[in-house]
Amino acid sequence: MTTGLMSSNTTCQVGRKTSSEGAWQGDNPLHFALPLLILQIILVVVVTRSLAFVLKPLRQPRVVAEIIGGILLGTSALGRSSAFLNYVFPNQSLTMLDTLAHIGLLFFMFLVGLELDIPSIRQTGKTALAIAVVGIQLPFILSIGTSVIYRSTIIKGARQGPLDMFMGVALSITAFPVLARILAELKLLTTELGQLAMSAAALNDVVAWILLALAIALSGSGSPLVSLWVLLSAAAFVVFLAIVIRPILTWMVRMSPEGGPVREVYICATLVIVLAAGFVTDTIGIHSLFGAFVVGIMVPKEGPFAGVLSDKVEDLVSSLFLPLYFVSSGLKTNVASISGARSWGLLVLVIANACVGKIFGTFLVSIMVRVPAREAIALGFLMNTKGLVELIVLNIAKDRKVLNDEAFAILVLMALFTTFITTPLVLAVYKPARLVAPYKHRTVKSATETNSEFRIMACFYTSRNMPSLINLIESSRGTKRRGLTVYAMHLIELSERSSSISMVQTVTRNKLSFWNRRCKTGGKIVEGAFEAYQQLSSVSVHSITAISHLSSIHDDIITSALKKRVALIILPFHKMLGFDGSLESINHAYHVVNQGVLHHAPCSVAILVDRGFGGSAQVSAKDVTYSIRVLFFGGRDDREALAYAFRMAEHPGISLTVTHFMVSNSPSVPQASEDKTADNMAIEAFQAMTEGKNMDYQETVVNGHAEVAAAIRDMGRGTDLFLVGRSPLMPEVLIEKQGCPELGVVGGYLTSEEFTAAASVLVVQCYDPNSDPYTKLYSVEGEASVMSATTDHDIEAELN
């Protein structure tokens, strides 16, 4: 800190100290560097997070809240109070605040580079390439005219070359981390439109960084020859990184194999390399951020190394340090400097040029490559998204005296406005409506009775769910049926982390894919497990992915179930088996997800309580030897569980026992006559098929919940899997406790501490058309419409 930033010589001397001796000693903590910095960080985080919460119903990305928060804390709002600025953001503290913010920004840009895989970018489709190129060229050309007007009005005396470059980058850039967040909020991240937008944005971002490096070199105060030396030095440094540093990083990646720990010394060495690269590029005269970004690109994306790096760095950087950069920008943004018709006219001009150049250019080239008009317009709005990189460009331009305070404020508001309007405009013009026909086989019983293809959607969060899930699928494939098709849905939570963008790679493995091919939730392990199982069995397996907030991911499950016309959705229970044999909750949000699916599912649903069904590894078909028991009390759900068990019993390695609970004073049981008739028919059909097979039928007479609980405890020995209905009849004799409503009374007892057997549990809820008011009216991702297809063949043709 320099004395020029101090209000007085005394303040300068105090400001040089890190911490005070305490208020009791007469010191004011706000006159010392560390307490003041802590207060600033707390204030910044609270304000930006509060704004993010307020803007969440508007589906705005967090960067909008952070930009607004920075402006509010700056001289445009709270900073108009001299007392607030002198106490919370005094001049002598700004150097330390800016330094810490730039350290966080340095590592953030390293993470951005870590997300990009250059070899995959080379394979980007021609459509995305054309959209990216034209989406940069047109706004860049329009920006030259804008810079001429600005130079003749509010930035008189600015050098034309640097101003043209900075203005061009500012108007033509697309912020792909922000774009990914918007696409995820709109449920478009895994659609063709989303993949196309992200691919074009990645190319756009790489080109923008190259142009920014050129702009920085040209903005130096030296001669054109000096600028040439800066560019040549930067190019030589990139070559040095590729020849010397990348092999070192590759060696560290090889020394960190999949499934093993990543040594702390490798993490430390990589972070030191990032700092060293930032120092070198800053010394060259480009910017320290450029070096960090290039190192991130150089890190090999194979194996767990890149994912571990992100885990170590991103939370602290994105949660604490990065918001400081927005406040630092906000302190420089004085909206009051935009005054008079001329200033507001220039703001309208730059917004118009940014929108017209980006949106019209993207729309035009999209139409030329035969993208539908509605999608082309939406793509134009999406590509006009700005964000953090925009602020980086503007801050560098201001620091290098290319922009003054008024021009800086105008361009910051332009970035905020264009990002804010993206979501509502896309929602207004793009409402994709894919019709999903009402289909017949929404239950296991329906698919079994008609010998139709049995379709299951098996959902999972982590690779820990895989062995039991595959063993359950293997047990369900049957032998005499038309076939089993499984849609394995990987449920991935969309977090606030910047690197959550890398999750896109799990669903974009076609020519549009550009993300590094890694997944911190075990993507390769998951994909390999299902591929291996499909090759070893006659089951058709299709991997699909849902990337969403856990509060709304049940909508993705329901939507996909409708698209795939499945008869059964299998969900993992929100508790998993702990080391001590008890069930431990892994995430309460999973509990809410299951309840959401149960309430709105278009087919039958089963919740798997996994206690190691089949062991800790996948079991081959010839080694399947499971003992399965159905606890039958009566009712729609119990009949569906019995139908599923009957299919499982076709597997030669399955031994099935059905225990029919009957009450001694049966006349008092309030059971509807249609339910009783259906129960009797289901039991009679099962009894008729038990001869000569590994199936057994038992009747147990009980009188009260104590006898039911005792009978179930005795059955736990030697049973690998219990199948029960979620809402059985005979409520007066069932267990009193119900810990988990989604499991029902019987399932809840089987997962309670009172039941000590190590058997897994599958709780089944049968689809009830009477509780579904939209049985014949379904729409996916948009407007509802009725479709008249009546057969599976007609439906398949319509969907295709």
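This is a predicted model: local features need pLDDT of at least 70, side-chain atom pairs count only at pLDDT 80 or more; totals for chains, interfaces and linings use all residues.
Salt bridges were counted from the model, and the total is 8. In one of them, the side chains of Arg455 and Glu453 meet with an N to O distance of 3.1 Å. Arg455 is buried, at a relative accessible area of 11%, while Glu453 is partly exposed, at 23%. Another salt bridge joins Asp768 and Arg636, with 3.7 Å from N to O. Asp768 belongs to the loop between strand S13 (760-765) and strand S14 (779-780), and Arg636 to helix H25 (residues 636-648), so this pair ties together parts of the chain that are 132 residues apart in sequence. Both partners are partly exposed: Asp768 has a relative accessible area of 24%, and Arg636 has a relative accessibility of 34%. A further salt bridge is formed by Arg717 and Asp714, at 4.0 Å from N to O. Here Arg717 is exposed, with a relative accessible area of 66%, and Asp714 is partly exposed, with 48%.

The aromatic pairs number 11. Among them, Phe613 and Tyr626 form a tilted pair, with 4.5 Å between centres and 45° between planes. Phe613 lies in the loop between strand S8 (604-609) and strand S9 (626-632), whereas Tyr626 is part of strand S9; the two residues are 13 apart, and the pair links distant parts of the chain. Phe613 is buried, with a relative accessible area of 1%, and Tyr626 is also buried, at 6% relative accessibility. For Phe722 and Phe755, the ring centres are 5.8 Å apart and the planes stand at 75°, so this pair is edge-to-face. Phe722 is located in strand S12 (residues 721-725) and Phe755 in the loop between helix H28 (744-750) and S13, a separation of 33 residues. Phe722 is buried at 0% relative accessibility, and Phe755 is buried with a relative accessible area of 3%. Ring pairs join these two residues and Tyr749 into a cluster.

Contacts between a charge and a ring were also found. The charged end of Arg263 sits over the ring of Tyr266, 5.4 Å from the ring centre. Lys398 lies over the face of Phe408, at 5.9 Å from the ring centre.

Helix H2 covers residues 33-55, a run of 23 residues. From first to last C-alpha, H2 reaches 33 Å, close to the 33 Å expected at 1.5 Å a residue. The buried residues of H2 include Ala33, Leu36, Leu37, Gln40, Ile41 and Val44. Also buried in H2 are Val47, Thr48, Leu51, Ala52 and Leu55. An α-helix has 3.6 residues a turn, so residues three or four places apart point the same way.

Methods
Residues are numbered from 1 along each chain as its sequence is written. Side-chain values use heavy atoms; hydrogens and water are left out. Buried means under 20% relative accessible area, exposed over 50%, partly exposed in between (1.4 Å probe, protein chains only). Helices (H or I, at least four residues) and strands (E, at least two) are DSSP runs, numbered from the N terminus. The expected span of a helix is 1.5 Å times one less than its number of residues. Rings of Phe, Tyr and Trp (its six-membered ring) pair if their centres lie within 6.5 Å; planes under 30 degrees apart count as stacked, over 60 as edge-to-face and the rest as tilted. A charge sits over a ring if NZ of Lys or CZ of Arg is within 6 Å of the ring centre and within 35 degrees of the ring normal.
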